[in-house]
Each structure stands twice: as C-alpha cells, then as structure tokens.
Amino acid sequence: MNIFRLLGDLSHVVSIFILLLRLFTTRQAAGISLKTQEMFLLVFVTRYLDLFTTYYSIYNSLMKILYIGSTAYIVHMLRFQEPFKSKYDSANDPFLHLKFGVLPCFCLACLVLLVQYSFDVVELLWTFSIFLESIAIVPQIVMLQRDGEVENLTSHYVFFMGAYRALYILNWIYRSYFEPYYRHNWIVYIAGTVQTLLYVDFFYYYFISKSKGLPMKVQNWSPVASGWMRAQPQEKRVGE
C-alpha cells in the first residue's frame with residue numbers, strides 16, 4: 001500500500017466520523033443532504049460486490065464494510081430515525097439525484113462497456129459506481145449554497161471528502177507506474193478529476209474562512225450547483 005492510498009482512506013474515514021459526530025452532537029440533520037448519502041451508498045454497494053467473491057486483505061475487506069455500513073447507517077438515520085428524520089430539511093435538498101445522477105451515470109456506464117465490447121455485469125456496476133461517485137457530492141453542494149453559511153463540522157466533512165478523492169487520483173497514478181500489474185485507467189482518472197474539480201472553490205473558501213477564524217460562507221462556488229440553482233424556482237421557506 002502506498003502513502004497516497006493510506007492518506008486517502010484516512011481522509012475518507014475522518015469525513016465519515018465527522019459527519020456522525022455532527023449528527024450526534026447537534027441532534028439534527030439540517031444542512032446534510034440525504035440524496036448525497038444515498039448516492040454514496042449506491043456507489044459503495046455496486047463497487048464492492050467483490051466482497052463476496054474475492055479476498056485481497058483484511059484491511060481491504062474491513063474498509064469496504066466500514067464504507068457500506070456507515071453510509072447505510074447515516075441514510076437510515078436521516079430517513080427513519082428521530083429526531084433526525086423530522087429535522088432533515090427535504091425542501092432544501094432539491095437535486096433530482098435519480099433523474100440527473102443515477103440514470104445518466106448508468107447509461108454512460110452501459111455505453112462505455114458497449115464500446116469496449118464487454119458485457120460483464122460486475123464490470124458494468126463498477127464502472128457505474130465510478131461515474132456516480134464523481135457527482136455524488138453535487139446535492140450536498142446545492143444544499144450548502146442554498147443555506148449560504150456552512151456549519152463548522154459540515155465544512156470539515158466536505159473538505160475531507162474532497163481530500164480523499166484528490167489523494168486517490170495520486171494513488172492511481174502511483175500504482176500505474178510502480179505496480180507491475182496495474183495499468184492506467186482513464187475512466188477513473190477522468191471521473192476522479194471531475195469529482196475533485198467540484199471541490200476546488202470549496203477548498204478556497206474553506207481555507208480562507210479557517211485562516212481568518214470566520215464562519216464559512218458560500219457564494220456560488222460551484223458552477224454545477226450554480227447552474228442547477230438558476231434553473232430552479234426558489235421556494236419560500238417556512239417562517240420567511
């Protein structure tokens with residue numbers, strides 16, 4: 001295992017811990033996108049089917065189980081468990097993740113495998129998971145932009161999620177040059193780059209706010225989220 005993968009996995013685990021800490025300490029789910037969590041859960045379930053077929057190492061298996069189990073638990077909390085269920089702001093989580101996330105990514109994965117003349121179901125689901133993960137953070141980005149100000153623990157959660165993917169790009173590049181049986185995979189490079197670019201403005205505002213000790217405010221820092229929000233009618237919130 002190389003240092004980039006280790007740090008990437010550590011960043012991912014820290015992000016999950018921070019999100020759970022945020023939910024348990026505040027006892028409310030405002031500012032957390034259920035749709036992002038559902039997309040990540042689908043990513044992990046479709047990517048880690050090899051848990052049932054192939055053993056690599058105890059570390060590999062435990063990390064996969066951790067990602068699936070913790071994300072499934074977070075989804076369960078937001079959907080079914082009080083007080084999180086009643087305090088989840090569904091009106092402020094408007095991104096149509098099935099229509100604009102899951103379906104297009106699945107169609108794109110099918111197209112890629114057709115071009116490659118491959119009809120393996122596991123390979124199809126793995127490719128789908130790579131594409132879906134690249135945009136899974138978009139509902140969270142949209143929600144944060146609608147809120148305007150980002151709660152401290154939520155900003156840390158998004159930061160470590162972005163760091164995880166950026167480090168994994170370096171991990172893939174490192175492995176392709178230094179592991180004899182690992183080859184360049186342009187699908188993961190492109191999808192990983194798209195995912196990391198979604199965080200670029202967030203990283204800028206994150207570091208600015210933390211360096212000045214100020215609450216983090218967002219002002220259309222993602223072109224994807226900004227385009228979505230311009231296309232949506234602004235609903236009037238309760239109490240306004």
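This is a predicted model: local features need pLDDT of at least 70, side-chain atom pairs count only at pLDDT 80 or more; totals for chains, interfaces and linings use all residues.
1. Core. The largest nonpolar core holds 61 residues. Within this core, Leu 23 and Leu 78 touch the most other members. Helix α8, residues 152-178, is the top contributor, giving nine residues.

2. Around Leu 23. Leaving aside residues up to four places away in sequence, Leu 23 touches Gln 28, Ala 29, Ile 32, Ile 74, Met 77, Leu 78 and Phe 84.

3. Lining. α1 (3-26), α2 (34-47), α3 (58-80), α6 (121-135) and α8 each give two or more residues to the lining. α8 gives the most, with six.

4. Burial of α2. Is α2 enclosed or open? Twelve of its 14 residues are buried, so this helix is largely enclosed by the rest of the structure. Among the buried residues are Lys 35, Glu 38 and Arg 47, along with Leu 34, Phe 40 and Phe 44. The cover over the buried residues of α2 includes α1, α3, α5 (97-115), α6, α7 (138-147) and α8.

5. Length check on α2. At 1.5 Å a residue, the 14 residues of α2 should span 20 Å. The end C-alpha atoms of α2 are 20 Å apart, so the two values agree.

Notes:
Residues are numbered from 1 along each chain as its sequence is written. Side-chain values use heavy atoms; hydrogens and water are left out. A nonpolar core is a set of buried Ala, Val, Leu, Ile, Met, Phe, Trp, Tyr and Cys residues joined through side-chain atoms within 4.5 Å. Buried means under 20% relative accessible area, exposed over 50%, partly exposed in between (1.4 Å probe, protein chains only). Helices (H or I, at least four residues) and strands (E, at least two) are DSSP runs, numbered from the N terminus. Contact means heavy atoms within 4.5 Å. The expected span of a helix is 1.5 Å times one less than its number of residues.
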